[in-house]
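This report covers a single protein model. Please look over the sequence and the coordinates before reading on.

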Amino acid sequence: MEVEKYLSRIGFAGSASQPSLELLRSVHTCHLLSVPFEDLTLHSGGEVRLDLQLIYDKIVNKRRGGFCYENNGLFFWLLTHLGFHVTMMSGQVRNGITQMFGPPFDHLILQVTVEGRRWLCDVGFGSSGFSAPLSLDTDGLQEEGHRVYRIRKNLEMHFLESQKEENRGEDGEWTGIYKFTLTPRRLEDFTEMCQYHQSSPSSIFVCKSFCSVLKPFGRLTYIGRRLITTIFPSEATDGKLEVTTVELKDEEILEVLAEKFGIVLSSPLIPKDDPITPPDVQY
């Protein structure tokens with residue numbers, strides 16, 4: 001497990017000799033632009049295990065991606081070796097079906113303290129995620145591209161929320177993404193929920209084969225038999241979000257994964273895009 005090889009994998013070419021906010025922002029964004037958020041292991045006969053050596057081999061050597069436990073777990077390792085003070089934390093993701101939050105250890109996120117300030121880092125979430133670290137020392141608005149975020153605190157619980165381009169402003173509607181506390185956790189604490197997300201019909205990772213990666217222009221996402229291209233609002237789009245979907249034939253999927261995401265699977269992929277069963281227990 002080599003730091004320089006990891007930095008090369010995510011396309012970082014600057015100096016990493018001293019921990020700084022600039023370095024943190026850079027490696028965070030580089031990771032999102034290079035390492036997909038994906039669950040293809042589950043749909044090609046494999047299993048995800050929370051072993052950093054295995055995760056490093058998958059993401060760095062085999063140039064794959066992973067879901068939150070993998071991406072953020074390995075990113076924790078990188079930041080620690082770059083000299084940052086990093087804490088793993090447990091997040092509870094807001095369920096899009098029930099509108100309720102998931103159970104503890106539903107999501108793995110990171111707190112990084114640098115230059116006297118605390119930052120929320122997350123390189124393993126997908127389309128609603130943020131590209132650069134968000135400050136944990138303010139409940140004010142934090143703008144990133146076409147979204148505005150805030151971290152609202154209620155007692156010991158923190159709530160990550162966002163506004164989309166079309167409803168920004170003081171009167172705009174806020175959508176919850178996930179909630180979390182600042183309690184320190186360890187990677188092994190997430191083992192049970194990692195297994196749940198590989199076996200439950202209430203898990204998106206079980207119900208849908210997908211791969212998604214941030215791009216300078218927007219986001220590319222593969223789901224089941226679809227390739228979705230999202231272009232963020234800009235002058236070129238007249239300030240509008242543009243989304244196009246292309247239907248894929250089974251024989252085209254592996255070629256799309258290789259060309260668009262740089263992913264070459266060693267086992268056959270079974271495309272899946274089933275409905276998600278609402279969980280029985282709500283939090």
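## Basis of the model

This is a predicted model, in which local features need pLDDT of at least 70 and side-chain atom pairs count only at pLDDT 80 or more, while totals for chains, interfaces and linings use all residues. Residues are numbered from 1 along each chain as its sequence is written, and side-chain values use heavy atoms, with hydrogens and water left out.

Eight strands form an open sheet in the order 5-4-3-2-9-8-7-6, with antiparallel pairing. Strand 5 (134-135) and strand 6 (142-144) lie at the edges with a single partner strand each, so one side of each has no neighbour in the sheet. Helix 2 (residues 21-34) packs on the sheet and touches strand 3 (107-114) and strand 4 (117-121), its direction making about 5° with that of strand 4. Helix 4 (residues 68-81) also packs on the sheet, where it touches strand 2 (85-93), strand 3 and strand 4; the direction of helix 4 makes about 20° with that of strand 3.

Helices (H or I, at least four residues) and strands (E, at least two) are DSSP runs, numbered from the N terminus. Two strands pair if DSSP finds at least two bridges between them. Contact means heavy atoms within 4.5 Å. Axes are lines fitted to C-alpha atoms, for helices over the stretch in contact, and angles run from 0 to 180 degrees between N-to-C directions.

Strand 6 and strand 7 run antiparallel and are joined by three bridges. E143 is opposite V148 of strand 7. The two strands make a hairpin with two residues between them, and G145 in the turn has a positive phi of about 60°.

Strand 7 (residues 147-154) is also joined to strand 8 (residues 157-163), by seven bridges in an antiparallel arrangement. Within strand 8, Q163 is the bridge partner of V148, and S162 is that of Y149. Strand 7 and strand 8 likewise form a hairpin with two residues between them; here L155 in the turn has a positive phi of about 60°.

## Helix 7

Helix 7 has twelve residues and spans 17 Å from its first C-alpha to its last, close to the 16 Å expected at 1.5 Å a residue; the expected span is 1.5 Å times one less than the number of residues. I253, V256, L257 and F261 of this helix are buried, that is, under 20% relative accessible area, where exposed means over 50% and partly exposed in between (1.4 Å probe, protein chains only). Viewed down the axis of helix 7, the buried residues fall within an arc of 100°, so they line one face of the helix; the arc is taken over the directions from the helix axis to the C-beta atoms.

These buried residues pack against strand 10 (210-215), strand 11 (218-223) and strand 12. E251 and E259 are exposed on the other side of helix 7. G262 follows helix 7 and has a positive phi, near 70°.

Q99 is a residue other than glycine with a positive phi, near 65°. Q99 lies in the loop between strand 2 and strand 3 and is partly exposed at 37% relative accessibility.

D238, also not a glycine, has a positive phi of about 60°. D238 sits in the loop between strand 12 (226-231) and strand 13 (242-247), and at 67% relative accessibility it counts as exposed.

## Salt bridges

Twelve salt bridges are found in the whole structure; each is a side-chain nitrogen of Lys or Arg within 4 Å of a carboxyl oxygen of Asp or Glu. One of them joins D57 and K62 at 3.5 Å, N to O. D57 is partly exposed at 27% relative accessible area, whereas K62 is exposed at 55%.

D137 and R118 form another, with the closest N and O atoms 2.8 Å apart. This pair links distant parts of the chain, 19 residues apart: D137 is in the loop between strand 5 and strand 6, and R118 is in strand 4. D137 is partly exposed at 37%, as is R118 at 27%. A network of salt bridges links R117, R118 and D137.

R226 and D273 meet in a salt bridge at 2.9 Å, N to O. The two are 47 residues apart and link distant parts of the chain, with R226 in strand 12 and D273 in the segment after helix 7 (250-261). R226 is partly exposed at 25% relative accessible area, and D273 is partly exposed at 33%.
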